[in-house]
Amino acid sequence: MPRINVLPKEVYSLIAAGEVVERPMSIVKEMLENSIDAGAKHITVEIKNGGTTYIRITDDGCGIAKEDVRKVFISHATSKIATGADLDSISTLGFRGEAMASIAAVSKVELLTKAENEETGTRYEIAGGEEIDFSEAGCPQGTTVVVRDVFFNVPARMKFLKKDVTEANSVQGVVDRAAISHPEISFRFIRDDKQMLITSGNGDLKGAIYSTFGSELSDTLIGVDYSFEGMRVSGFTSIPHRSRKSRAMQFFFINGRFVKSATAMAALEQAYKNSIMTGKFPACVLNLEIDPKLVDVNVHPAKIEVRFVNERPVFNLIYYGVKTAIENQNTVKEGKFPDLGVKSAPAKAQQTYSAKIDFFKKEEKPKQIRFSMNDEANPWRLEASRPPVKMDMVNPVEEEKADVSITVNKSIEVEKRFKEKEPIDIEFEEPEQPAEEKEEIPDFKIVGEAFKTYIIVEIENDLYYIDKHAAHERMNYERLKAQTVINSQILLSPTAVKLAPEEYGAILENLELLSKCGFDAEDFGNTSVIVRETPAMLDGADVKDLIIEIAQKLLEHKTDIEPDKMDWIFHSTACRSAVKGGDYTSPQERELFVKKLLSMSDIRYCPHGRPVMIKISKYELEKQFGRIQ
């Protein structure tokens, strides 16, 4: 029978250090948090060889009293908490009191510090957990910590370190996140004697983002500032059409602490639904101000994972905050030509031609998300659960506006006319609306249509290229979502659809769902279903392919909730009912189409996230032709 041994201090210290110090990045993170908690206004981080041989962090914080210096390197010694009750309301970044002891256990550490009321500072040196020197030293107020030879006494851990450049990049990521989470602090990062980052520390978050990530990110951002149930989210999120290929630029902070939260990430991406292309992801820098009692940060030694007392309010906070920001800044994607070497215009000319009138931005106070009907009557209207409606939170509910009915007749007769270059019959019904409900439409001129797909419109000093299929698809999608009961049409000849056995089973299990989406389908036997009714906007000729497409999606998304299933059924229906690229439309139809589109300022992307229009300025054109010197 094996005997139970009490491990000596030097052994259990190494074990404990393994939970906190995984690599140089971990050391920098822990010491940065100590500097921030100390109230520093200026912090400098310097590393060499990826931080494996040298790390130095200097701050001008409150410093450490001489009698407390030795305690810094004792496990579970901290100034952040005193009792177990303090864990319920942690307001500092650090609190466990393990970091410095763990760092000292696997490296050589030198500390210089001076508190405000002391005449001289203190120098303390410790290596592998053993004290080497404790003496007086001359130094300014604040603390400097130098860490050398990480894992010098644990050679096995050295094997798991990556290349110096990889480790250095990880350290820089930690500094970057600290800089954008605390723009009121000036950060400086030196990597192998080269200055890589410096921020002003003036509290300007946009400036800190620019200093950290450059204009590539900062120029794509729109402001977010939203409060809900005693919580607040502030920061920036990206313009929908400036999305990215990964989530690498999504940064969430809770009370200034960087966290990874599936709830926050899901809420962000849900807010961009139908506004961003599939496979693309938004970028953001969002800080959540939440009562510390409602969030538990004491989950993992790295303190990146958190738990919420109630996730739903947090989800709603981010969802509605980001959604409101997108709605208030719903701009058109702007096309630009590559630089062909033409001399740029003088500053004055640039200023003249860049003074463009954006008719999608209105001089009015930012609007909040409007709820046009209750969730029970229209459960698919909102993907997130609706927070309690307060008079200062949303605009009064208005009666549903009369919508323009756009239907495309693709009968045999119309196809014949299309071959003869005659217009396709796109019917527009434009009922009278009360004056207060009409949106202001800018003066426009239709220049023409390119490739029977893109309508070209001139407004002020801009040209707009409108993808008529994408725009019509989004119009149809919004109409479907706005209807409490989907308007259906009875097919003159019911359509039988032959399905694969799995698809057949999926359709039969979701007949009620299809009914809510405007379809009347029933079992026809022998793995077939028969469709008798479809949404009124849908052409019967597309029913067979659409039912097969829906069946395939039902198989792929078995676990999706009903509102999500209805959403992508609406996507497919709207797409198939929209006018197609290549279809000929008459000048009168284009006029009505553009007028309707410009009156709907919220339609800037199709349900798949593609832009419905692209703007090219007069200045861009004249620059290409060399008219501006």
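Biologist: Which residue of β21 is the bridge partner of I456?

Modeller: In this predicted model, I456 has Y465 as its bridge partner in β21.

Biologist: What makes β20 and β21 a pair?

Modeller: At least two bridges between two strands are needed for a pair, and β20 and β21 (residues 462-467) are joined by six, in the antiparallel sense. The two strands form a hairpin with two residues between them, and in that turn E460 has a positive phi of about 55°.

Biologist: How many bridges pair β19 with β20?

Modeller: Strand β19 (residues 445-450) and strand β20 (residues 454-459) pair over five bridges, in the antiparallel sense, and I446 stands opposite V457 of β20. Their hairpin has three residues between the strands, and F451 there takes a positive phi near 55°.

Biologist: Which other hairpin has a residue with a positive phi in its turn?

Modeller: The hairpin of β9 and β10 has two residues between the strands, with E229 in the turn at a positive phi of about 50°. Eight bridges join β9 (residues 221-228) to β10 (residues 231-238), and these strands run antiparallel, with F228 opposite M231 of β10.

Biologist: Why are α5 and α6 called roughly antiparallel?

Modeller: Angles over 145 degrees count as roughly antiparallel, and helix α5 (residues 164-181) packs against helix α6 (residues 205-213) at an angle of about 165°, with the axes 8 Å apart. The two helices are therefore roughly antiparallel to each other, and their crossing is right-handed. The contact is made by D176, A179 and I180 of α5 together with L205, A208, I209, T212 and F213 of α6. By class, these residues divide into six nonpolar, one polar and one charged.

Biologist: What makes α2 roughly parallel to α5?

Modeller: Here the cut-off lies at the other end of the scale, where angles under 35 degrees count as roughly parallel. Helix α2 (residues 24-37) and α5 pack at about 20° with their axes 8 Å apart, and that makes α2 roughly parallel to α5. The crossing of α2 and α5 is right-handed. On the α2 side the contact is made by P24, M25, V28, K29 and L32, and on the α5 side by E167, S170, V171, V174, V175 and A178. The classes in the contact of α2 with α5 are eight nonpolar, one polar and two charged residues.

Biologist: Across which strands does α5 lie?

Modeller: Helix α5 lies across β1, β7 (186-191) and β8, and runs at about 175° to β7. These strands belong to an open sheet of eight strands with mixed pairing, in the order β5-β4-β3-β6-β2-β1-β7-β8.

Biologist: What makes β5 and β8 the edge strands?

Modeller: Each of the two, β5 (130-137) and β8 (194-198), pairs on one side only. From one strand to the next, the twist of this sheet averages 10°. Elsewhere in the order, six bridges join β3 (residues 108-114) to β4 (residues 121-127), which run antiparallel, and V109 stands opposite I126 of β4.

Biologist: Why is one side of β22 and of β23 left without a neighbour in the sheet?

Modeller: They belong to an open sheet of three strands, with antiparallel pairing and the order β22-β24-β23. Both β22 (488-498) and β23 (520-525) stand at the edges with a single partner strand each, so one side of each has no neighbour in the sheet. Neighbouring strands of this sheet are turned by 20° against each other on average, direction ignored. Five bridges pair β23 with β24 (residues 528-535) in the antiparallel sense, and the bridge partner of A521 in β24 is V531. Helix α13 (residues 501-509) lies across β23 and β24, at about 45° to β24.

Biologist: Where in the protein is confidence lowest, and where is it highest?

Modeller: The lowest mean, 35, is in strand β17 (residues 405-408), and the highest, 97, is in strand β1 (residues 42-48). Over residues 340-437 the pLDDT is below 50, although this stretch has 183 contacts in the model beyond near neighbours in sequence. Where pLDDT is low, the predicted coordinates should not be read in detail. For the protein, the average pLDDT is 77, and 75% of the residues score at least 70.

Terms used. Residues are numbered from 1 along each chain as its sequence is written. This is a predicted model: local features need pLDDT of at least 70, side-chain atom pairs count only at pLDDT 80 or more; totals for chains, interfaces and linings use all residues. Side-chain values use heavy atoms; hydrogens and water are left out. Helices (H or I, at least four residues) and strands (E, at least two) are DSSP runs, numbered from the N terminus. Axes are lines fitted to C-alpha atoms, for helices over the stretch in contact, and angles run from 0 to 180 degrees between N-to-C directions. Contact means heavy atoms within 4.5 Å. pLDDT is the predictor's confidence in each residue, from 0 to 100. Angles under 35 degrees count as roughly parallel, over 145 as roughly antiparallel, 65 to 115 as roughly perpendicular and the rest as oblique. A crossing is left-handed if the near helix is turned anticlockwise from the far one by less than a right angle, and right-handed if clockwise. Ala, Val, Leu, Ile, Met, Phe, Trp, Tyr, Cys and Pro count as nonpolar, Asp, Glu, Lys and Arg as charged, and the others, Gly among them, as polar.
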